Amino acid sequence: MQAFALIRPQTLAAARTRVQESPQDRVLRAGGVDLFDRMKEGLERPAELIELASLRGEIGDRLRGFTSSAAGLEIGALVTLAQLADLADLTQHPELAGFLALRQAAGSAATPGIRNLATLGGNLLQRPRCWYYRDADLVCLKKGGKTCFAVSGENKYHAILGGGPSFIVHPSTLASALLAFDASVELAGDTERTIPLSELFVGPRTDPRREHSLAPGEVLVRVKLPPAPADRRSAYAVVKEKQSHDWPLAEAVVSLSLEAGVMKSVRVVLGHVAPIPWRSREAEAALEGQKPDAALFARAAAAALADAKPLKHNAYKVPLAQGVLRDALHRATDLAMPT
Ligand SMILES: Cc1cc2nc3c(=O)[nH]c(=O)nc-3n(C[C@H](O)[C@H](O)[C@H](O)COP(=O)(O)OP(=O)(O)OC[C@H]3O[C@@H](n4cnc5c(N)ncnc54)[C@H](O)[C@@H]3O)c2cc1C
Ligand code: SF4
């Protein structure tokens with residue numbers, strides 16, 4: 001890894017100007033988990049890392065802050081995964097029970113040591129794990145080349161939904177959970193803007209070289225979540241090859257309200273199956289207005305994967321993702337899984 005300078009600006013303007021002057025070799029650093037990985041792998045050789053944690057004043061408060069009110073949750077981009085996994089302790093607010101799946105997702109990602117460093121913003125903006133992308137000697141589509149090596153290569157961990165021309169799976173566990181709670185993100189660029197989280201992600205058909213819509217030097221400041229009603233239920237389910245120090249093979253997040261025994265405002269999001277966190281409107285339509293039922297859950301899971309187009313080595317992900325989704329639905333509704 002080449003030597004680099006650590007820059008500690010105190011104002012947002014100083015941080016942004018620093019990156020904008022030379023975006024090729026100056027990069028924002030949050031926890032640094034993914035960034036240092038990319039540098040160690042030789043994918044990037046920035047001359048300067050600009051520390052977001054050094055920002056002070058009102059912007060520093062927003063980046064580190066965590067507020068829960070009648071208007072919902074506002075979570076600073078520098079809040080760590082460990083803090084998110086412990087939401088209730090962080091604020092002592094009982095209404096946070098409605099965001100159970102977010103806590104479960106944050107507590108499941110990576111390892112305890114990584115969760116202490118990794119931040120919400122960095123997690124959403126980390127780069128993909130595709131092993132061809134992570135090999136500095138290979139120039140695939142994502143790095144400006146002409147080929148996606150996963151198409152004819154080792155594609156066990158790649159996308160089964162929404163893939164092409166690149167077949168990455170989106171790496172962020174928090175993205176799936178936040179999408180299921182209708183999150184939006186507050187961004188500070190030339191102007192400040194707040195956009196739905198779904199608009200942060202860029203699919204490979206739009207541009208295979210990037211995964212998000214941030215401009216160079218634009219800072220993800222906060223994630224905002226509308227309030228969860230008292231009857232909100234949610235669950236996160238995941239399958240990994242190893243139970244620790246590993247990324248998911250497939251994950252599912254379900255969020256819904258149970259009104260008089262009927263499911264309302266259902267959100268279904270699948271992770272690690274597509275280049276973006278994959279909201280399944282087909283599954284949501286199958287579930288909305290219905291009573292929880294094991295056969296219905298199986299049909300909804302089949303609907304969610306109906307358009308799957310597996311590559312040579314990842315057809316196993318179709319039944320796996322269906323099973324993970326059924327697991328999340330059963331847990332969110334307290335309905336026992338059929339044996
Ligand atoms: C063994 C292992 C297992 C893992 N398992 C999982 C898992 O199961 N699920 C999962 O989701 N992740 C997993 N990860 C990945 C890990 O969670 C991420 O690398 C981490 O969350 C990145 O956060 P960070 O704060 O360290 O980001 P950084 O590395 O600091 O930043 C990542 C990128 O985002 C940019 N950035 C960061 N913050 C901002 C901001 N506020 N505004 C604008 N740009 C910003 C940086 O410039 C950089 O390009 C795993 C990692 C390891 C090593
Ligand atoms: S899936 Fe994407 S990152 Fe991986 S080889 Fe293909 S183009 Fe590159």
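Ligand 2 sits in the largest cavity. A cavity here, on a 1 Å grid over the protein atoms alone, is a set of points where a 1.4 Å probe fits but cannot get out; sitting in one means that more than half of the molecule's atoms lie within 2 Å of its grid points. This is a predicted model, where local features need pLDDT of at least 70, side-chain atom pairs count only at pLDDT 80 or more, and totals for chains, interfaces and linings use all residues. Residues are numbered from 1 along each chain as its sequence is written, ligands are numbered from 1 in the order in which they are written, and side-chain values use heavy atoms, with hydrogens and water left out.

Around ligand 2 there are 13 residues, and C130, C140, C148, S166 and F167 come nearest; "around" means a heavy atom within 4 Å. By class, that shell has 10 nonpolar, two polar and one charged residues, with Cys and Phe counted as nonpolar.

Which side chain has an N or O atom 2.6 Å from an oxygen atom of ligand 1? That is T119. A polar backbone atom of L35 is 2.8 Å from a ligand 1 oxygen. The protein covers 95% of the 980 Å² of accessible area that ligand 1 has on its own, by the Shrake-Rupley method with a 1.4 Å probe.

Definitions and conventions:
A polar contact is a pair of N or O atoms within 3.5 Å; within protein, one must be able to donate a hydrogen and the other to accept it, and residues adjacent in sequence count only if both atoms are side-chain atoms. On a 1 Å grid over the protein atoms alone, a cavity is a set of points where a 1.4 Å probe fits but cannot get out, and a pocket is an open set with protein on both sides within 12 Å along at least five of seven lines; lining residues have an atom within 4 Å of a point.
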